[in-house]
Amino acid sequence: LVLDETEHTVTVDGERVALTYKEFELLRELMENAPGAMSRDELLQSVWGYDFIGETRTLDMHIGTLRHKLGDESTAPRYIKTVRGVGYRFLGEVEKEG
């Protein structure tokens, strides 16, 4: 998985993956904080902003969609692992461009 900040693109095994702005930002945050876990609140604040008001289900839905687009599965994650009681963390090797 390669995240290119300059081009605002993500590729998995050489194939470009179409992500929304929020999905890209969510993945970038997880990668920047790897190998550490980020809490749900930290992710909501960093990706949606301090004034975000809403359900944390928004985060879960975005994580689910992001996993699907990356070809990741919650039961056998390659990239995004759920840390029970905490939030999420990025598992893969961090490779960023740009």
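Glutamate 25 and arginine 28 sit three residues apart in helix α1, so about one helical turn separates them. Helices here are DSSP runs of H or I with at least four residues, strands are runs of E with at least two, and both are numbered from the N terminus. The side chains of glutamate 25 and arginine 28 meet in a salt bridge, with 2.5 Å from N to O. A salt bridge is a side-chain nitrogen of Lys or Arg within 4 Å of a carboxyl oxygen of Asp or Glu. The model is predicted: local features need pLDDT of at least 70, side-chain atom pairs count only at pLDDT 80 or more, and totals for chains, interfaces and linings use all residues. Residues are numbered from 1 along each chain as its sequence is written, and side-chain values use heavy atoms, leaving out hydrogens and water.

Arginine 28 also forms a salt bridge with glutamate 29, where the closest N and O atoms are 3.5 Å apart. Glu25, Arg28, Glu29 and Glu32 are linked in a network of such bridges. Glutamate 25 is buried at 11% relative accessible area, arginine 28 at 14% and glutamate 29 at 12%. Buried means under 20% relative accessible area, exposed means over 50%, and partly exposed lies in between (1.4 Å probe, protein chains only).

In helix α3, aspartate 60 and arginine 57 are likewise three residues apart, about one turn of the helix. These two form a salt bridge with the closest N and O atoms 2.9 Å apart, and aspartate 60 is buried at 16%. The count of salt bridges comes to seven.

Next comes the nonpolar core. Such a core is a set of buried Ala, Val, Leu, Ile, Met, Phe, Trp, Tyr and Cys residues joined through side-chain atoms within 4.5 Å. In soluble globular proteins, nonpolar side chains tend to be buried together. The largest core has 23 residues, of which Leu1, Leu27, Leu59, Leu70 and Ile80 touch the most other members. At least two residues each come from β2 (9-12), α1 (21-32), α2 (40-48), α3 (57-70) and β6 (87-90). Helix α1 gives the most, with five residues.

Strands pair when DSSP finds at least two bridges between them; β4 and β6 are joined by three. Alanine 37 stands opposite arginine 89 in β6.

Contact means heavy atoms within 4.5 Å, and angles run from 0 to 180 degrees between N-to-C directions of axes, which are lines fitted to C-alpha atoms, for helices over the stretch in contact.

The loop between α3 and β5 holds proline 77, which is partly exposed at 25% relative accessibility. Not counting residues up to four places away in sequence, proline 77 touches Asp72 and Leu91. Proline 77 and leucine 91 are 14 residues apart in sequence, with their C-alpha atoms 7.9 Å apart in space.
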